[in-house]
Amino acid sequence: MEFLQPDNLREAFEMRASHPGAAPICGGTDIMVELNFDHRRPEYVLDLTRVPELAEWSRENGGFRVGAGVSYTRIIEELGESLPGLAMASRTVGSPQIRNRGTVGGNLGTASPAGDGLPPLYASDAEVEVASLEGTRRIPVAEFITGPKRNALGDGELITAFHIPEADGPQQYSKIGTRNAMVIAVCAFGLALHPEKGKVGACIGSAAPTPVRTKEAEEFIEGVISESDLWQTRREISGSALRRFGDMVEMSAKPISDVRGTAAYRTRAVGVLARRTLSWAWDEYRGGSR
Amino acid sequence: MKSESAPTRERPIIPASNPGRIGESRPRADGVPKVKGEFEYSSDLWMDGMLWGATLRSPHPHANIWSIDATEAEGMPGVHAVLTHEDVPGRKVYGMEVPDQPVLAWEHVRYEGEPIAIVAADHPETARRALEKIAVDYEVLDPVTDPEEALKEDTPKLHLSGNVLKEVHIKHGDVNATAEVVVSGEYEIGMQDQAFLGPESGMAVPDGRGGVDLYISTQWLHIDRDQIAESLDLPPEDVRLTLSGVGGAFGGREDLSMQLHSCMLALDTGRPVKMMYNREESFYGHVHRHPCKMEYEHGADKEGNLVYVNARLVFDGGAYASSSNAVCLNAGTFACGPYNVPNAKIDSFMLYTNNPPCGAMRGFGAVQVCFAHETQMDKLAKELGMNPLELRIKNAMKPGDKFPFGQTVPEPAPVAEILERVKNMPMPEEEEIMGRDLRRLPGGVSNVTHGEGVKRGVGYAVGYKNIGFSAGFDDYSTASITLSVEDGEPLIRVHTAAAEVGQGGITLQAQISRTELGVEKVAVLPADTRIGSAGSTSASRQSYVTGGAVKMACEAVKEKVFEKVREEFGENGELSMEDGGVSAGDRRIVSLADLLDGDEIEETVVYRHKPTYPLDENGQGDAHFQFAFAAHRAVVEVDEELGLVRVVEIATAQDVGKVMNPQSLEGQIQGGVAQGLGLALLEEIQMKDGKVQNASFTDYLLPTIFDMPPVRMEVLELADPDAPYGLKGVGEPPTISSTPAIVAALRDATGRELNRVPVKPERLAGIEEEPVRRAPQPGSCGPVAERSES
Ligand SMILES: Cc1cc2nc3c(=O)[nH]c(=O)nc-3n(C[C@H](O)[C@H](O)[C@H](O)COP(=O)(O)OP(=O)(O)OC[C@H]3O[C@@H](n4cnc5c(N)ncnc54)[C@H](O)[C@@H]3O)c2cc1C
């Protein structure tokens, strides 16, 4: 196995093009496990940790461009205020060591349905930026992730960044694991309120082959809120509407049973998370300035 | 990075830098290096010219082997040896109690992961690739995976001796006794793993004369040596073992793993051979805690006095015997718990199946039955309308009572007292549930609840277990003490074969020696087979048995010193050793430096505790020599809707006879509770059709620091008159009753019947197997039927 170490993005694209099948490595927290377990034996490993462009984030109109190599720790510390949903999700990832190394770029690369970085991107309609010597593409995250552990990355391409709007309302992320830290999600739920647009974004994690948006539930609750003019009045959402939202989220889940949990549990649990996160986000909206 | 180091049997003597006597807290010499990553584990061993060994394992839990073809693997560059059962020079099977386990399989494999062939190559990757080139022709057979199934007449027999490995039947008092109040239940415990952090590893070095030196992580050097010598067809003196750095054990290192394989490869190639399992292989490379199904019936009178206990225990022993016989016996003897039970009928069965072999793990048979008998006691209390603690205290066994196996309960047996203690310990402070820091809620920073659905519960349990080896086993330890003067200062060298597996045995040996001989400088030599056996570092026995041997050897040395003083100084009064010299009362007679004048005094002794006896056909006999008791109170908070748990606090009271080292004791209690918590909530090797589903720490979940609550402890020091310093073994009791205490607290919080551990969130939240689908109601926010929150 050979180790390729580009110093800049251009070199990275060249090496990626000249070594088809080279496996990019960023934090290494997924790929090193695969190598150790002998699940993968790539001929080349392409180390992206020395590519400065990937480790940067910047503001762009109404949002952020976050380099694929920005660690979870940095997202929490540097972007926690502006991207609270993603920061909450980042806090649930692994342990301090994993958060120091692991990246959202790697999470997108792995495309696991249990990836904690993904539901917040779905809930905020983020886009993935991929690029190669040929040029740059921006793909909505829900189109980028094409299946369990599958994504739309082309042969010569690298994930360079994701583009995500700044939070325009309260956001939440909630994840179930059997133990209270360092655990892969049994199921998870991400939520973003957009009061200005009158929209609610929501996404289930780890309860279907990919993260899934919960369109019907979103439309239902948007209807509830606008019908009673709740965006303006900031009055309570009724308990029955919250529960109904949870029930509709359950309907969107298509989980399997495995060593981490049964399908029945995952289904029921995402409903509970949906109801609770919506109530927290709404409470924050009612009491808050956003 | 730490430097990898060549093994040596001749290490420089580094006197422990932490003087301290018994009763004092002394940090362990290995503590700081372990935290800094500088400790030398057996996986760090290195020698120039060494080869790497690897093991081919069966992918099938049950199969016939028609042929093994290693030709292609043997021809690979870099491969130095490929060995199969045909290459085992001596006995082709091994085992501590029953030699039924093939060194390398022939004709049959009986569990997934069973070793079939071994390879030595100049690179670990080459060795792994060579394994892939070994062609094994299997005829896959249906596995027998349910012990109840294995028990049936018409089930295929996995061994010539049949599927019943062991049965123990205990008949105590009137086995047909009846009672006014009766409760019954069925309980089940999953397969827990010892999950020691340093996987199996070691290095075998051929001596060029047909013998071999093995540097190894193990719990018992001599039983390894004897089994290795037998299968290598060598005299025991040609197989020399030296303990290397051990990364935890908990029972999982009592059986052989790579020991014999590395020796075979080393002798075959004439080169040092290192073997090192990775985490996944480790799950297949050692035995686990026995899963068990238990049917119980308790009878009591209306006042709550126990009248009888009937129990039927069915253990899954897996494919080979390991220490299953002893587990079966232990479980039978402790099945009723530490209560005065006038009548009992206990049937304990150990079955062979095609599941992984099960064997020793902290608690050894007492853990399984404790979960059942304590759940039964709670049920009985409920039936009687009594407080569960009062019911326990009322029935607590006392010295002079009879155990169900006929032995008289010896002094001290403070069961009621430890229960009173946990009852009276202050409760953790109530804290407003809403608005807490997430880390103090079920789910932690995963942010699943801000207090919604969270209920608190409290549960109690008490358990007990034997210390040391029982039922007629010749259980002894050997120690050598050498007193000399180096650079003008007296020095004690302690030599035993006791395995330090992380329990602090080395520190304890030094503390005992200092205490006995009044000498500050103590060097504990590496444990090896140049001295006689110390027995196993298991059954909470080393402080007692090797501690006893070290004390006895010190006394023998002291007697020699006193003789010399009496001869040379004509002293006839009472003498003592203090501050590196000999005194009579306050009067210093001579320093050891002057007394020894360049000589050494060496004494080697063998120490035995009092004898034990096998059970008779009714399960009666003086089987055990010491008993240790602990009680636990658990306070938990459960998210009722999601079935997630935060254990708020564990309170425990334990009788230890004598606190030898407070810090070590605290460590044992904390660690034991963590392992008990793991069993209650998380830890299970999940099996499907004889195959392990979660052989990794991604899915075999151990408690983290966030899952582990503070432990409030009270320690009793009621001396055992037969034991050195009055001490009792302390390693296992914290694991035994912590599990049922936590589950009792979960029941208290949720009102659910929880008859199986680990308790999964599904069970705790009462979520059925089938997904519940509710059709959405029409309308945007129209009336929605209320549904219950659970
Ligand atoms: C102990 C442990 C705990 C964990 N806990 C969690 C958890 O709680 N939640 C969670 O979601 N994940 C968890 N993970 C998984 C992992 O940490 C995350 O998926 C992380 O986001 C991966 O990022 P990385 O930079 O380390 O990826 P890497 O391992 O470097 O790469 C992952 C994959 O993405 C590809 N890749 C990486 N960067 C690029 C790029 N720029 N362009 C194209 N392809 C790329 C790689 O080729 C590889 O296939 C855990 C892992 C470990 C070891």
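Reply: Start with a term: an angle over 145 degrees between two axes counts as roughly antiparallel. Keep in mind that this is a predicted model.

Now take chain B. Helix α10(B) spans residues 388–395, and helix α11(B) spans residues 415–424. The two pack at an angle of about 160°. That is over 145, so α10(B) and α11(B) are roughly antiparallel to each other. Their axes lie 9 Å apart. The crossing of α10(B) and α11(B) is left-handed.

Which residues meet? From α10(B) come Leu389(B), Glu390(B), Arg392(B) and Ile393(B). From α11(B) come Ala416(B), Leu419(B), Glu420(B) and Lys423(B). Sorted by class, this contact holds four nonpolar and four charged residues, with no polar ones.

Helix α9(A) covers residues 215–227, and helix α11(A) covers residues 239–252. Their packing angle is about 165°, and their axes are 8 Å apart. That angle makes α9(A) roughly antiparallel to α11(A). The crossing of α9(A) and α11(A) is right-handed. On the α9(A) side, the contact is made by Glu216(A), Ala217(A), Glu218(A), Phe220(A), Ile221(A) and Val224(A). On the α11(A) side are Ala241(A), Arg244(A), Phe245(A), Met248(A) and Val249(A). By class, the contact of α9(A) with α11(A) has eight nonpolar residues, three charged and no polar.

Technical notes
Residues are numbered from 1 along each chain as its sequence is written. Chains are lettered from A and ligands numbered from 1 in the order in which they are written. This is a predicted model: local features need pLDDT of at least 70, side-chain atom pairs count only at pLDDT 80 or more; totals for chains, interfaces and linings use all residues. Side-chain values use heavy atoms; hydrogens and water are left out. Axes are lines fitted to C-alpha atoms, for helices over the stretch in contact, and angles run from 0 to 180 degrees between N-to-C directions. Helices (H or I, at least four residues) and strands (E, at least two) are DSSP runs, numbered from the N terminus. Angles under 35 degrees count as roughly parallel, over 145 as roughly antiparallel, 65 to 115 as roughly perpendicular and the rest as oblique. A crossing is left-handed if the near helix is turned anticlockwise from the far one by less than a right angle, and right-handed if clockwise. Contact means heavy atoms within 4.5 Å. Ala, Val, Leu, Ile, Met, Phe, Trp, Tyr, Cys and Pro count as nonpolar, Asp, Glu, Lys and Arg as charged, and the others, Gly among them, as polar.
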